[in-house]
Number of protein chains: 2
Amino acid sequence: MTQIDFFEKLFYPKTLAFIGANPRRIWHLAGYINRFPKDSLYIVSNYIDELKEKHEEFIKGVNIYADISEIPDEIDHTVISVSRNRLLETIKTCLEKRFYTIHVFSAGTGEFDEKGFEIESELYELFKNNKNSRLVGPNCMGLYSPRGKFSYSGGFSEQAGNFALVSQSGDLTNRIVYDLNSKGVYFSFAASVGNSISLRSSDLIDFYNRDENTDAILSYMEGFSQFRKNEFEGRIFFESLKKNKKPLLLLKGGMSELGKRAASSHTGSLASQDAIWNSIFKQTNAIPIVSLEELVDTAVLFRFCSNCEPKHNSILMITYSGGSSVLGVDSIARLNAGIDVPAIREPTHSKMKELIRVGSITNPLDLPDVRDENVRIELFKLAVSEEYISGAIRLTGGPRTMGKDPDKEVIDKFYADLMRYKEICTKLNKPFMLTVPSTSDEDFRKKLIELEIPAFSSFSRAAKAFSNLYRYKNPKYSET
Amino acid sequence: MTQIDFFEKLFYPKTLAFIGANPRRIWHLAGYINRFPKDSLYIVSNYIDELKEKHEEFIKGVNIYADISEIPDEIDHTVISVSRNRLLETIKTCLEKRFYTIHVFSAGTGEFDEKGFEIESELYELFKNNKNSRLVGPNCMGLYSPRGKFSYSGGFSEQAGNFALVSQSGDLTNRIVYDLNSKGVYFSFAASVGNSISLRSSDLIDFYNRDENTDAILSYMEGFSQFRKNEFEGRIFFESLKKNKKPLLLLKGGMSELGKRAASSHTGSLASQDAIWNSIFKQTNAIPIVSLEELVDTAVLFRFCSNCEPKHNSILMITYSGGSSVLGVDSIARLNAGIDVPAIREPTHSKMKELIRVGSITNPLDLPDVRDENVRIELFKLAVSEEYISGAIRLTGGPRTMGKDPDKEVIDKFYADLMRYKEICTKLNKPFMLTVPSTSDEDFRKKLIELEIPAFSSFSRAAKAFSNLYRYKNPKYSET
């Protein structure tokens with residue numbers, strides 16, 4: 001079997017087994033039982049009677065057994081959630097039965113203590129050079145494949161998308177998927193890979209790079225497994241990124257000295273291979289991301305504006321308030337990301353001046369006294385069309401800010417006008433972004449997703465995402 | 001009349017007038033009509049018939065007149081919302097009728113054009129050395145006084161609190177009050193002061209400093225009015241801050257070069273008096289704040305933990321995930337605010353080790369394998385009691401993360417345990433803070449306000465607020 005065949009079985013299994021189902025952690029089964037064809041799902045549990053008694057409706061139609069030996073051979077994907085004491089014996093049975101891909105949820109392995117380290121070492125040997133099986137984990141949440149009809153979490157959206165995630169942290173996988181789902185970004189796949197003794201982040205990235213359902217890749221990395229020479233593993237990761245042709249948003253944990261200490265106590269992986277990381281950020285197209293918020297914001301911008309081609313790291317800002325202009329510009333300056341908010345030059349400046357009675361034409365564009373939306377849009381079009389401006393961020397509180405309980409006509413006009421702004425930018429291949437105060441309502445946010453307009457919680461968060469798109473589209477790394 | 005008498009009339013008026021009521025901007029009246037005693041409220045409008053016809057119920061019981069001459073003399077507080085062409089004539093009538101405090105909502109003045117500048121200059125002359133009246137504005141939203149039973153915005157809470165705000169931006173006043181109200185922080189007063197030709201930010205701060213209902217002061221500043229010599233005005237502001245004995249969170253807009261340009265086009269005020277600002281931040285107890293988010297976070301911490309006495313700029317972090325630990329620590333390091341996340345020292349480290357079977361004792365404290373909450377709390381208590389640790393930030397998703405649809409007993413225990421953490425810190429005079437993922441539910445946030453536990457959207461935002469509290473409690477400025 002080729003590596004790609006294993007990924008086919010991992011993400012689009014025709015048969016799926018769950019070993020170690022526990023009625024006290026029934027939520028753990030939700031993303032499998034509610035989504036996967038029940039007749040092809042095999043559950044093994046020590047608590048069959050309790051399961052059948054307490055969760056009859058839930059497990060109806062699923063094949064349930066007391067022992068792994070009772071289920072068919074050659075299962076495509078298997079989730080293992082047994083105590084570490086039974087882990088090796090269970091895995092050996094899986095291998096004898098030629099199970100193709102195995103996700104080990106069980107923890108208490110290399111990250112935990114000496115005994116765990118021994119278990120993990122033996123696991124590593126079982127999969128080293130193994131021609132029949134691949135393992136994800138141990139010590140990880142596992143896989144999410146909306147098109148493959150299963151998810152380790154019952155809370156992730158069933159809607160499939162075109163973003164793929166691989167993460168060394170299960171908790172961050174949860175937070176990234178939940179947060180992006182709520183912002184209209186959906187996934188082809190997500191993988192929480194934990195200690196990565198068999199399939200590693202680089203393997204997942206190679207697959208995502210070739211997968212036609214995946215347009216962009218997100219990755220959270222801390223370091224490399226302790227079971228291989230660090231430099232070697234780092235080199236493999238580096239080579240994967242060099243081959244990769246898709247936008248890859250790389251959130252690297254442990255960049256600070258304090259963070260390195262925390263990372264080394266987390267997965268036992270070393271976060272200190274600074275030379276490799278420097279090469280990665282200098283010599284690949286990976287987009288360096290420093291926080292969860294930045295990862296989410298940048299993914300949102302790539303979701304809605306990946307066709308845009310910003311030529312300059314410079315934006316037009318549109319506000320409705322002087323105070324917000326000033327603080328917005330200050331916050332963008334503080335990013336130190338080389339983002340410019342250039343003044344409007346002649347002859348456009350004069351053309352714009354002619355359209356307003358009084359006041360000044362500045363960037364941020366703040367025109368409280370221009371009441372006619374047609375004039376505002378004309379002013380916007382003139383400014384954003386300037387060659388040295390490559391994107392626009394507009395502050396808006398949404399229809400609710402247009403007086404209390406606006407009627408449908410007012411709301412419809414608000415959205416129609418918003419689309420006029422967006423279309424002007426789309427024709428120019430420049431991103432049109434919104435920044436929306438944290439107190440704005442949920443309906444407004446949902447409508448923006450429907451209209452495919454990216455929204456951010458502040459000017460600086462929007463600007464940082466824009467800057468990442470700009471850098472991706474204008475690479476400065478040396479392709480050697 | 002003394003200055004304090006004017007403030008009494010400004011914030012606790014016994015009579016209130018609104019000149020220029022417009023049925024098309026009826027929301028503008030809501031915070032007055034719905035809150036102030038109707039028989040002491042006087043409305044002057046050119047559209048009396050339309051007002052009475054369209055908003056009969058709303059304005060019932062209020063005194064309404066067609067002309068300002070018809071209302072009584074000596075009104076305590078008056079809001080003026082007339083076109084700038086009628087502004088001077090209206091103000092002159094107010095002065096003849098010995099109105100004590102006047103808020104000019106009307107814009108189109110000094111910030112707008114030459115004609116506006118002339119109007120504002122004349123206004124300035126009318127109030128210079130005026131013994132009978134004070135003016136707030138022009139070009140501003142005005143006043144909010146929950147105890148005085150009126151608000152320029154109908155959306156601000158009627159609940160009174162102990163935070164006072166003065167702001168040179170009306171939009172930011174809105175955002176600050178709304179955002180803090182939603183986080184359980186309430187106001188004694190808020191004032192949007194606009195062009196400040198009579199009462200200035202420094203006057204408000206002097207009053208807040210003496211007011212017994214005010215515990216802490218928030219201020220948004222860009223610069224000083226163009227009608228007085230800038231240095232002189234800056235000096236007055238500096239002296240006010242030197243006299244001030246309360247926590248003063250000073251959000252200064254226009255700190256960046258780009259921001260300065262935006263600020264000078266905003267209110268016509270100059271934001272370039274760097275020397276004065278440097279003196280202010282070096283020689284007063286004002287807490288320098290750089291963003292709206294930081295202002296809100298710091299206010300939340302002062303609201304719930306102002307009695308704490310952090311001796312060191314160092315914290316204990318508690319997480320439930322390695323990835324969140326690593327990114328949290330990275331983000332705190334990136335703040336460059338001198339915040340330490342120190343390792344636990346001996347002999348406490350060994351004492352803590354004895355309480356757990358396996359795993360390591362680190363800061364961030366991340367103990368997924370300790371199931372007994374009593375042990376977790378004991379570990380927490382040992383760590384947070386260390387002299388070199390002055391506060392704690394715990395990551396939690398709230399009760400919803402403890403399995404799907406947890407029952408009441410589980411939820412109650414969650415909150416009871418949370419209070420045990422809080423009480424340990426309270427006894428030590430150290431802040432106990434939470435960081436709560438953005439996807440957590442509204443009920444959880446409300447419950448935290450009820451329990452008076454400050455919550456933040458990330459480790460770094462909590463840590464920055466903590467660092468501001470630490471700096472306030474351990475001043476390094478020279479009191480000369």
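In which order do the 6 strands of the open sheet with parallel pairing in chain A lie? They run S3-S2-S1-S4-S5-S6. Before we select them, some ground rules: this is a predicted model, in which local features need pLDDT of at least 70 and side-chain atom pairs count only at pLDDT 80 or more, while totals for chains, interfaces and linings use all residues. Residues are numbered from 1 along each chain as its sequence is written, and chains are lettered from A and ligands numbered from 1 in the order in which they are written.

**Stop 1**

Helices and strands here are DSSP runs numbered from the N terminus: helices are H or I with at least four residues, strands are E with at least two. Two strands pair if DSSP finds at least two bridges between them. Select 63-65 and 134-136 of chain A: these are the edge strands S3 and S6, and each pairs on one side only. From one strand to the next, the twist averages 20°. Angles run from 0 to 180 degrees between N-to-C directions, and axes are lines fitted to C-alpha atoms, for helices over the stretch in contact.

Click on A:Ile43 and you will find A:Ile64 of S3(A) standing opposite. Then show residues 87-96 of chain A: this is helix H5, lying across strands S1 (16-19), S4 (77-80) and S5 (101-104), at about 165° to S5(A). Contact between two residues means that their C-beta atoms, placed from the backbone, lie within 7 Å.

**Stop 1: the mixed sheet of chain A**

Another open sheet in chain A has 7 strands in the order S8-S7-S10-S9-S11-S12-S13, with mixed pairing. Strand S8 (150-151) and strand S13 (287-289) of chain A stand at the edges with a single partner strand each, so one side of each has no neighbour in the sheet. Inside the list of strands, pick S9 (residues 160-167) and S11 (residues 216-221) of chain A, which pair in the parallel sense over 5 bridges. A:Leu165 is opposite A:Leu218 in S11(A). Helix H8 (residues 201-210) of chain A packs on this sheet, touching S9, S10 (187-192) and S11, and its direction makes about 175° with that of S11(A).

**Stop 2: two crossing helices**

Select 292-305 and 459-473 of chain A. The axes of these helices, H12 and H18, come within 9 Å and cross at roughly 60°. Among the residues that meet are A:Glu293 and A:Phe302 in H12(A), and A:Arg461 and A:Leu469 in H18(A). By class, this contact has 7 nonpolar, 2 polar and 5 charged residues. Ala, Val, Leu, Ile, Met, Phe, Trp, Tyr, Cys and Pro count as nonpolar, Asp, Glu, Lys and Arg as charged, and the others, Gly among them, as polar.

**Stop 4**

Most residues other than glycine have a negative phi, and most peptide bonds are trans. With that in mind, zoom in on A:Asn363 and A:Pro364, joined by a cis peptide bond with omega about 10°. A:Pro364 is in the loop between helix H14 (348-355) and strand S15 (365-366) of chain A. In chain B, B:Glu346 and B:Pro347 are also joined by a cis peptide bond, with omega about 5°.

Is A:Asn336 buried or exposed? A:Asn336 is exposed, with 7 other C-beta atoms within 10 Å, and its phi is positive, about 55°. B:Asn139 has a positive phi of about 65° and counts as buried, with 26 C-beta neighbours inside 10 Å. The cut-offs are 20 or more other C-beta atoms within 10 Å for buried, 12 or fewer for exposed and anything in between for partly exposed, with C-beta atoms placed from the backbone.

**Stop 3: where the chains meet**

Finally, show both chains. The contact takes 51 residues from chain B and 51 residues from chain A. On the side of chain B that touches chain A, H13(B) gives the most, with 11 residues.
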